[in-house]
Amino acid sequence: MSLHSNYSLRFSLLLLLTFPFFGFGVYLRAQNTDPSFFSQLYSEEVKPLEAELSLDMKTFLKNKNKEEYQEGRLSYLDPTTNEKRSWEVELRPRGNMRKSISYIPPIMIKFKKDALKKEGLSNFNKLKLVAQYRSGILAEQYVLKEFHAYRLYNQLSPYSFRVQLIRLTLTDLGGKKKPIKYWGFLIEPEEEMAERLNGVIVEREKARTSFLEEKEYKRMCLFEYMIGNTDWAIGNSHNIKFLKVPALDKLVPVPYDFDYAGMVNASYAAPFHTLPIKRVTERLYRGETFSEEDMNEFLPPFEEKHDKLVQLLQSCPYMDSRNKRYTTQYIESFFQECKNKKSMAYALRKVDY
């Protein structure tokens, strides 16, 4: 057994001993030493991957509520060699709300592990693809803004999902539908994210804030408030993954799915009916109350990142000028709030809805 495997096993057993009363479900697995499919495509720059997804569109759309896999093919231009690569894959629709409203729902792409092994790649074989939910400029801009929400959190926390922008062509293998060109992004597999951070994913259907590292939890809460996202919850693990790393005693919450954020301002997004806001663009804090000490600890790191966050939004060559201006102004309004500490302290208080 390798040193990595020994470490992973010891760490996982330590988790079971450390948290026996929480009933955490822990992945017991060896560490991968090979590069992953996602990491080969990922770029720190906001640079789209040109790709084509070929599938039987009629079958896919007809069965999109069944979440059954079907055969397909993923082809793309290798970002290092500029050569075309193709993979035989399995595809299925995924997601909840977006699946019901989308012409092309979010897609789970599953690779054959033997094929990955043959190419010297790790066995992270499932990859989430989020594409614009329908054709048109508005839907295109929504997915670009959500992609940037992930990138903003990358700037603020190492405990975050990496995403890769993709310029996607959907081709019908049946030849009956015209090719569709969409914007989208690939999300780093959760097990790969955990391994990159030297940790493991802990599965929970229900959780409490007392299970979480306070610093990471409050940083996440402040980020969700900054982008105007209320579509998350610790209690039922909604749009949250839980990560355990050796350096920290408790769990780290890792957020995902930001299409309901005010920064994105999608036409289909609406606040949950029990919340006291009418539009997703209205900020509403959903975490534990910030103390004066919390204000002094957590706000300055955000303010120090102000220029980088704004530059990330303003420098995107694919968002149009109107949406660049909107997202920038939306984030700037958060920093304006931060200047009034008394008002901000009132906003960052726990309220039960």
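## The largest cavity

The lining of the largest cavity has 8 nonpolar, 1 polar and 3 charged residues (Ala, Val, Leu, Ile, Met, Phe, Trp, Tyr, Cys and Pro count as nonpolar, Asp, Glu, Lys and Arg as charged, the others, including Gly, as polar). This is a predicted model, where local features need pLDDT of at least 70 and side-chain atom pairs pLDDT 80 or more, while totals for chains, interfaces and linings use all residues. Numbering starts from 1 along each chain, and side-chain values use heavy atoms, without hydrogens or water.

The volume of the largest cavity is about 80 Å³ (the space filled by probe spheres set on grid points joined across faces, edges and corners). On a 1 Å grid over the protein atoms alone, a 1.4 Å probe fits in a cavity but cannot get out; a pocket is open, with protein on both sides within 12 Å along at least five of seven lines, and lining residues have an atom within 4 Å of a point. Helix α6 (137-156) gives the largest share of the lining of the largest cavity, 4 residues. Among the lining residues are Arg-98, Glu-146 and Asp-259, along with Tyr-133, Tyr-142 and Tyr-268.

## The second largest cavity

You will find about 40 Å³ in the second largest cavity. Its lining has 9 nonpolar residues, with no polar and no charged ones; Leu-41, Ile-109, Leu-129, Ile-166 and Leu-186 are among them.

## The largest pocket

The largest pocket holds about 750 Å³ of space. Of its 28 lining residues, Asn-96, His-238, Asn-239, Tyr-256 and Asp-257 lie nearest the centre. By class, the pocket lining splits into 11 nonpolar, 6 polar and 11 charged residues.

Conventions. Helix = DSSP H or I, 4+ residues; strand = E, 2+ residues; numbered from the N terminus.
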